Amino acid sequence: MPSSQKFFYARPSSYSRRSTALILCLLIGISGFIFGFVAIWRRGLGYECEFGKPLSVYVKWDKHSRGSRDNGGVPEEGQKRHKVMGFVGIQTGFGTAGRRRALRQTWFPSDHQSLKRLEESTGLAFRFIIGRSGDKSKMAALQKEIAEYDDFLLLDTEEEYSKLPYKTLAFFKAAYTLYDSEFYVKADDDIYLRPDRLSLLLAKERPYSQTYLGCMKKGPVFTDPKLKWYEPLSHLLGTEYFLHAYGPIYALSADVVSSLVALRNNSFRMFSNEDVTIGSWMLAMNVYHEDNKKLCQAECTPSSIAVWDIPKCSGLCDPEKKMVELHRKDICSKSSTIPSDEDEYVS
């Protein structure tokens, strides 16, 4: 009877097991190092997973005043708009880079993460609003600033002081297309703002859906058809006076802005002053005027929302310097909000 075969299996030595464990640990360590290095590198370049898409958007309009995509611009039909309680467009220009720098040093966040935190805490989204220029050097400087801060909404309209009413209309149209917001706020780049208090103001329940909110004043409206929109106000005769908001900051509800979006650019008359232009349109649309003096305070108070040098200047008289000085005062930047009487409503 042949002897049975015996099979022998090599038993792994303890040395082999230790070598395998060391190799695995080494591979895990190298992988962790590479992952950490890539994460730090991406953070150093300003990239975050949650901020994959740029915040700055260029908005161009076709002949029918409908938004069209350009460089990832206006959402296409069927895409959702970004939902916020309020969109705040800080109107700025090519000659006011110093003001933007002062704002980023004070109440306007200078990086994506801080902008996101501000939006989450207040429900408000903030962007600088600027048009275009035929000056290549100005556009190059703007592109450099966009690359550094990425906090603009760019309009395909000429950036010129005499054409501010056209820019304002383009702003509301672009903001409405990009953002699903309860209020759209137009603000200038030379006011000191408390976003938290603005948020509380916009969040209040209101009796009317078509609301025009601002610090109201009386202003002229033209009654003589022979008068041109560009003629100085001091030369006007036969004028009436109507209520409209001061230009440095005011807000329109979503229902009002949706009506503006539906208008053709030549539907309403354009006046030389942007605030007068918008005010006259609001008069024609029969909206509800809400007057709030907290939007035009000359000094910081426990309830002030917007501070500027009223009536001396249509903003802070020396904004680059004054903005920083105000922010250093606790009453401006750190004081808590003290409840006050109900706001005044003006029909």
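**Reading burial and helix packing**

User: Is Aspartate 190 buried or exposed?

Analyst: Aspartate 190 is buried, at a relative accessible area of 8%. Buried means under 20% relative accessible area, exposed over 50%, partly exposed in between (1.4 Å probe, protein chains only). The model is predicted: local features need pLDDT of at least 70, side-chain atom pairs count only at pLDDT 80 or more, and totals for chains, interfaces and linings use all residues. Residues are numbered from 1 along each chain as its sequence is written, and side-chain values use heavy atoms, leaving out hydrogens and water.

User: Where is Aspartate 190 found, and what does Aspartate 190 touch?

Analyst: Helices (H or I, at least four residues) and strands (E, at least two) are DSSP runs, numbered from the N terminus. Aspartate 190 is in the loop between strand E6 (179-188) and strand E7 (192-193). Contact means heavy atoms within 4.5 Å. Leaving aside residues up to four places away in sequence, Aspartate 190 touches Arg99, Trp308, Ser314, Gly315, Leu316, Pro319 and Met323.

User: At what angle do H7 and H8 pack?

Analyst: Axes are lines fitted to C-alpha atoms, for helices over the stretch in contact; angles run from 0 to 180 degrees between N-to-C directions. Under 35 degrees is roughly parallel, over 145 roughly antiparallel, 65 to 115 roughly perpendicular, and the rest oblique. Helix H7 (residues 254-262) packs on H8 at about 100°, axes 12 Å apart. The pair is therefore roughly perpendicular. Val256, Ser259 and Leu260 of H7 meet Trp281, Met282 and Met285 of H8.

User: How do the axes of H5 and H8 cross?

Analyst: Helix H5 (residues 164-178) and helix H8 (residues 274-285) have axes that come within 8 Å and cross at roughly 55°. That makes H5 oblique to H8.
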